[in-house]
Amino acid sequence: MEELAHHHPQELQLHILDDQEAKEGNSSQPISIITNSQAMITSESKNLWWWIRVALYSLFVLSGQAVATLLGNLYYKEGGHSMWLASLVQLGGFPILLLLYFIPTPKQPSDPNNPYIQIDAQAQSQSQSPSLKSLALVYLFLGAVGALNGFLYSVGLLHLPVSTYSLICSSQLAFNALFSFFLNAQKFTPYIINSLVLLTLSSILLAFQSDSEDHNRVSAGKYALGFVCTILASASYGLLLSLDQFCFRRVIRKETLRTVLSLIVHPSIVASVIIVVGLFGSGEWENLGREMDGYKLGKVSYVMNLVGTAISWQAFTIGTIGLIIEASSLFSNSISVVGLPIVPIFSVVMAMILAIRGFVSYAYQYYLDDNKLKAQRTSVGGDELGVRWALNARIASVNGYL
């Protein structure tokens, strides 16, 4: 105390301030360590959830595309021939997504006293909802492009063999890369270029080995029409994915479940209206009743095919938009191209399931017949030779039918 009394008041004040700063510095060190640890934990948690979302969206893309392609091929093979209806089921299944609007979404924390929330004026301005006019223009344009894309694909699939159709569809990855470069400033590293080349080559090899059909079944004019329509469909699909990414990041600027649904539902409504107008304007709607009656698998299978195709395409669309949000349109399209080899695998699995089901059904019928003959022998007291003769006759008749 005596030494402090001899110091100048200003020196004494500076000494006290230095002691306070030293104490605050020592006390803030553990707080800084805790904050950094919490930030690392939060970052790792977000990274894990990002991979989970990407895996889930990829599953939607791969499974939806495979099932929808198989059902669409089955529709044409078993007697369906309406291009407008085939286009409508690609986009008209959006009502099933309306149920997802009732899922509660967590609100963003906005407590200014929370030290872990940083409020940025620019981020707040970007997070504001776009104008209704901007959204209307976006949805109208995306819906028109989607309707055109669905119809062009339907025409191409109707007039081209599956091998040629798949080969041309693989070009959508190149179109998507081109549009992403101009619209979304997509950067191309050697790894990305190598991935695009390998994915395109794999789909080409798959297309050449998928079947041995040729274009002798259709006229040269229809074959040329299908070829041109498929090229245009691939280009429009690549453009559509790039536009989805561009509109989402430049216009909508939100990453919520409702924005994802809006980017699917509203353009689908526009596209469905356009396709329905084309369905009635072309007069194809008058033949839908006869088409259902003439469907080889029956009316119930006809309806189930259309419903299953619509649901599958909606699952594919959810996965596609989700991957665009989480990564990019080019990544989303790459996952779609990866799914091309899955289609024949699904086809083989379905064939095995049907074959096993048929064998089990036949074995069960044999079991029922055997029990019936045993019951008859017990009730009438017939001899064993007569029962065996009846059983062998039944088996011979079944084998002759097969």
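Begin with the largest nonpolar core, a set of 58 residues in which Tyr75, Leu263, Tyr302 and Ile321 have the most contacts; such a core joins buried Ala, Val, Leu, Ile, Met, Phe, Trp, Tyr and Cys residues through side-chain atoms within 4.5 Å, where buried means under 20% relative accessible area, exposed over 50% and partly exposed in between (1.4 Å probe, protein chains only). Among the helices that each supply at least two residues of this core are H2 (9–77), H9 (220–252) and H12 (299–326), and H9 gives the largest share, 10 residues. Helices here are DSSP runs of H or I with at least four residues, numbered from the N terminus.

The model is predicted, so that local features need pLDDT of at least 70 and side-chain atom pairs count only at pLDDT 80 or more, while totals for chains, interfaces and linings use all residues. Residues are numbered from 1 along each chain as its sequence is written, and side-chain values use heavy atoms, without hydrogens and water.

Next, select Leu263, which, leaving aside neighbours within four places in sequence, is in contact (heavy atoms within 4.5 Å) with Tyr139, Leu142, Asp244, Phe248, Ile252 and Ile321.

Then move to helix H7, where Gln172 is placed. Gln172 counts as buried because its relative accessibility is 8%, and among its contacts beyond four places in sequence are Ser234, Tyr237 and Asn333. The side chain of Gln172 also makes a polar contact with the side chain of Tyr153 at 2.8 Å; the term denotes a pair of N or O atoms within 3.5 Å, and within protein one must be able to donate a hydrogen and the other to accept it, with residues adjacent in sequence counting only if both atoms are side-chain atoms.

Finally, stay in helix H7 and select Leu178, which counts as partly exposed because its relative accessibility is 44%.
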